[in-house]
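The following note sets out points for a colleague reading this model. Please consult the sequence and the structure alongside it.

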Amino acid sequence: MQLYNKLSAQERAQLLDEAGEDRLTLSFYQYAKIGNPELFRNHLFVAWDQLEVLGRIYVANEGINAQLSVPAKRFNEFKAHLDEIYFLEGVRLNIAIEHDVKSFLKLKVKVRDKIVADGLNDETFDVTQKGIHVNAQKFNELINDPNTVLVDMRNHYESEIGHFQGAVTPDVDTFRDSLDLIEEDLKEYKEDKNLVMYCTGGIRCEKASAYYKHKGFKNVFQLEGGIIEYARQVDNLELENKFIGKNFVFDHRRAEKISEDVIAKCHQCGEACDTHINCANEACHLLFIQCKACAEKMDKCCSDACKEVHALPYEEQKALRKGKHNSNKIFKKGRSEVLKFKA
């Protein structure tokens with residue numbers, strides 16, 4: 001029984017090119033009590049590997065968080081398999097606005113302590129006691145209300161390239177950083193304001209809305225399906241689009257364009273730009289924003305030092321990395337002393 005990938009990303013990319021078939025990029029999540037996450041994980045891998053599903057999936061006692069690429073011709077088979085799992089029957093699937101056959105190159109199903117790392121250790125907190133889900137139309141009505149506080153539950157490098165007009169965008173690196181910070185900043189509004197939250201696909205807001213209700217906020221709302229579903233409803237129902245810029249996504253595409261606005265700037269020269277790139281020096285791999293001119297000038301690197309390393313023969317680069325841990329830059333996305341411009 002195959003329970004792990006046997007092909008490298010490069011081998012998979014070649015197969016996808018040769019197949020020349022359409023694939024759908026999608027995501028979904030569900031909070032549920034899973035008694036044996038390891039067994040469930042193995043079941044998913046076997047079933048989805050046979051369906052040629054690729055993606056990144058986290059399973060925990062509290063539920064599942066999945067970001068996937070599915071062959072378009074096998075979508076109905078995939079959906080039928082989900083419906084056979086009692087807590088996933090009819091689960092909302094967030095279908096991407098823009099598709100790429102190489103959005104994912106491996107099938108990774110991992111068991112985690114939690115499907116969204118929150119740093120919480122509170123046994124009285126019930127994640128299922130969530131806030132009110134609202135669709136795009138109701139969301140627009142709420143954020144037009146002066147009695148509403150709109151909060152972006154994503155990280156700084158996500159909101160930097162796109163966010164809703166008038167939203168509070170915390171300057172945080174992780175979801176766990178945002179929970180206490182937002183509670184402290186908004187504590188005076190617990191009783192009388194509408195607390196409205198949004199994120200990429202809804203999973204972080206689902207947990208955050210339950211957390212803030214637990215902390216005493218009375219009127220808690222979340223955008224159902226996140227930015228991904230909002231963009232679809234705005235287009236289908238011809239609603240006013242209140243999102244400006246791009247929606248950051250966690251696959252090889254890195255972002256989907258929601259509006260034509262470019263609200264960020266190149267971290268190296270300061271010109272208008274909203275294209276994320278990873279530093280080409282594999283020992284660095286820093287995620288940052290780089291325009292085409294700087295990409296050419298810097299050989300897709302974040303600094304002169306990284307450019308020098310990247311210019312070395314590959315074997316010399318490997319020798320330099322040998323025995324060293326990954327740089328913290330990998331985890332401090334968009335933050336580095338070498339970046340001159342950061343919103």
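1. Buried denotes a relative accessible area under 20%, exposed one over 50%, and partly exposed the range in between (1.4 Å probe, protein chains only). Asp171 has a relative accessible area of 53% and is therefore exposed.

2. This is a predicted model, in which local features need pLDDT of at least 70 and side-chain atom pairs count only at pLDDT 80 or more, while totals for chains, interfaces and linings use all residues. Residues are numbered from 1 along each chain as its sequence is written, and side-chain values use heavy atoms, with hydrogens and water left out.

3. Asp171 lies in the loop between strand 8 (162-164) and helix 6 (175-185). Helices (H or I, at least four residues) and strands (E, at least two) are DSSP runs, numbered from the N terminus.

4. Apart from neighbours within four places in sequence, Asp171 is in contact (heavy atoms within 4.5 Å) with His156 and Arg335.

5. Strands pair if DSSP finds at least two bridges between them.

6. Between strand 8 and strand 11 (residues 243-248), the antiparallel pairing extends over 3 bridges. Phe164 has Phe243, in strand 11, as its bridge partner.
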